[in-house]
Amino acid sequence: MLLNAEKCWLPFLSDHCPRTFSPVEEARVELEEMGANARLQVEESMQDAYRIEKDGEGYVIYGGEKGVLYGAYQLLEKMYLGQCPCCGETKPAYGLRMLNHWDNMNGQIERGYAGNSFFFKDSRFCWEEERIRFYGRMLASCGINAISMNNVNVHYPADRLCTEELLPEVKKIADVFRAYGVRLIISVDYALPVTLGLDTADPLDERVQAFWEKQVDLIYSYVPDLCGFLVKADSEFRPGPYMYKRNHAEGANLLARALKPHGGVLIWRCFVYNCRQDWRDHSIDRPKAAYENYAHLDGQFEDNVILQVKNGPYDFQVREPVSPLLYAMPKTCKSIEFQLAQEYTGQQIDLYYMAPVWHEVMDQLPALPLHIAAVTNLGNDENWTGHTLAQANLYAYGRMAWQGKGFDGVQVLKDWIGLTFGPDFTERDRLESMMLSSRSTYEKYTANLGLGWMVTPHSHYGPDAEGYEYDFWGTYHRANCRFVGIDRSDKGTGYIQQYPEELARLYNDPATCPEKMLLFFHRMPYDYVMKDGRTMLQRLYDDHFEGLAEAEKLLEDWQAMEHALPEKDYLHGLARFQQQVKNARNWCDRMNTYFYRFTLIPDARGRRIYD
Ligand code: GCW
């Protein structure tokens, strides 16, 4: 049984192949060692797709250049797990299956919970080829085909990644990733023309256009298959076209036009909102922002622009509705952005398997966007992800990006457990059920009924019911002694009207609104009677108590698995589950007390709520 963190879910890959072997050759050697004779048949037109067949001599993997690599990894995986490897043609649901690192060049990772960057340190590139190669295999093995290394908040000297200063280094790392079918994306600073000497970055200024054309030509002379640029503009103090009174189509098209002759794409984030709101001002409602900034621009973007929209309208809270922008803009190419980094979801200490969230989003969207992205949960920790079990989110994300609506988060988890802990791991059912219930447990003790943001400001870890209440970020719940939540119906902020009619109708009425999002969409009295007869307040109390009990059960379950785990890994997990129980207790007590102090209504079941 294996829990070699460095190896993660690729137990069948050994290090004995000479470095000169291509990833495909390497995979073929591994297959031979597993007793499978495999021939690879490249059919260029198949691109990323592959098909595995069996004949008298063994397996044949048909696929495009990348497809055969995906197929070879899939065959290895299936053989290791003892599953049937033959498949009809399988092709990815999304074209670009991206990971966005938020790594700063000083080595720190914004919202990183697994150590420091494995790309950068002390304001320069700093990477070990072995680790990057291994990372390339991890990505290819689950089908991810593009990554950005540097943070979307581009700080000096990362703005120089697209200049002569750092391009030779970008080229070197791109060469390593290329072998695994992974293309690079550079996060660029919209104000680069100004940094490098122009007096403006106005997208309609010809000098700015000429600047970007020249810069992009230079970049492609180093990295001819660069995927493109990723931009966070006019958001959270980043520069952007609004500084020049231009809209975001004008802003994005500037870069898109420069990239187009090289086949590059411009990925433009839609995370734009007023982050200087006055809490006294009820006329602004932050979740409305993305739609308000973009929806009316449909049809105005160049065809190589991809608008990258966060899955929810706020910011990766435990539970949010699907962003209304994902239903809008039929003429514009979009990408959906998830966050594997557990910023609001336990920071890779508390257990949180994300597949249920992805299912909710995909089940609800009538049509998937063409591309998908996720903020990584990786760092230079020995086990890549801080909590070893958080690796499952990366693996499952890749699978989900491949399978789209057909994604089965339970089966993928079973596979990940088998690959990581060995096919004979005796505790797999227990581990599976711990992970499958983890999101619901976390939601119960931290963020009930769609209430988010009750977290410690800045770190976003631990409870603070009013931490953001009087701040300028626009994330209020406005609790008082009778009500909590924001009315986003047609009588309130009108946010709900951004949805297609049928959904808007469903959400608009508290009686039909899904209860798990009740307080996101509505401002409700504490004595509102929920569908099961409990009052809303009692439901808040119960959820917190249940969440704590479930966190305690997770710890017990982990302790019961001690016999099946290597000591080091057991102890690593143990410390995290113990911390999770402390966290859950803190959340439970503080949140229940918060609501009790407002209402003075005790728990109907007589449990202790501190006053
Ligand atoms: O959630 C917020 C984070 C920021 C992040 C921003 C974004 C990279 O707190 O750290 O900045 O989202 O998505 O741009």
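Where does L449 lie? L449 is in the loop between α12 and β15. Helices (H or I, at least four residues) and strands (E, at least two) are DSSP runs, numbered from the N terminus. The phi of L449 is near 50 degrees, which is a positive value in a residue other than glycine. With a relative accessible area of 2%, L449 is buried. Here buried means under 20% relative accessible area, exposed means over 50%, and partly exposed is in between (1.4 Å probe, protein chains only).

The model is predicted: local features need pLDDT of at least 70, side-chain atom pairs count only at pLDDT 80 or more, and totals for chains, interfaces and linings use all residues. Residues are numbered from 1 along each chain as its sequence is written, and side-chain values use heavy atoms, with hydrogens and water left out.

Y468 counts as buried, at 4% relative accessibility. Between Y468 and H458 there are ten residues of separation in sequence and 9.5 Å in space, C-alpha to C-alpha. Ring pairs join Y468 into a cluster with Y314, Y327, Y344, W453, Y495, Y499, Y507, F520 and F521.

Aromatic pairs occur elsewhere too, and a search of the whole structure finds 45 of them. Rings of Phe, Tyr and Trp (its six-membered ring) pair if their centres lie within 6.5 Å; planes under 30 degrees apart count as stacked, over 60 as edge-to-face and the rest as tilted. The pair of Y352 and Y442 is edge-to-face, because the ring centres are 5.5 Å apart and the planes are at 90 degrees. This pair links distant parts of the chain, 90 residues apart: Y352 is in the loop between β13 (334–339) and α9 (355–364), and Y442 is in helix α12 (residues 428–446). Both Y352 and Y442 are buried.

W558 and F577 form a tilted pair, because their ring centres are 5.2 Å apart and their planes are at 40 degrees. W558 belongs to helix α15 (residues 536–560) and F577 to helix α16 (residues 567–599), so the pair ties together parts that are 19 residues apart in sequence. W558 counts as buried at 3% relative accessibility, and F577 counts as buried at 0%.

Some rings have a charge over them, meaning that NZ of Lys or CZ of Arg is within 6 Å of the ring centre and within 35 degrees of the ring normal. The charged end of R51 is over the ring of Y62, 4.4 Å from its centre. Likewise, the charged end of R276 is over the ring of F472, at 4.4 Å from the centre.

Next comes the ligand. Around it are 14 residues, of which the closest are E110, R269, K310, D315 and E343; a residue is near a molecule if one of its heavy atoms lies within 4 Å of it. Oxygen atoms of the ligand lie 3.1 Å from a polar side-chain atom of N153, 2.7 Å from one of R269, and 2.4 Å from an N or O atom in the side chain of D315. On its own the ligand has 340 Å² of accessible area, and the protein covers 97% of this. Such areas come from the Shrake-Rupley method with a 1.4 Å probe; for residues, only the protein chains shown count as cover.

E343 also has a partner within the protein: its side chain and that of Q339 are joined by a polar contact of 2.8 Å. A polar contact is a pair of N or O atoms within 3.5 Å; within protein, one must be able to donate a hydrogen and the other to accept it, and residues adjacent in sequence count only if both atoms are side-chain atoms. Q339 lies in strand β13 and counts as buried, at 8% relative accessibility.

Helix α10 (residues 391–403) is mostly covered, as twelve of its 13 residues are buried. Among them are Y395, Y397 and W402. Just after α10, G404 has a positive phi of about 60 degrees. In the loop between β14 (371–375) and α10 is W384, whose phi is near 75 degrees, a positive value in a residue other than glycine. W384 counts as buried at 0% relative accessibility.

A cis peptide bond, with omega about 0 degrees, joins Y156 and P157. P157 is in the loop between β8 (146–150) and α4 (167–178).
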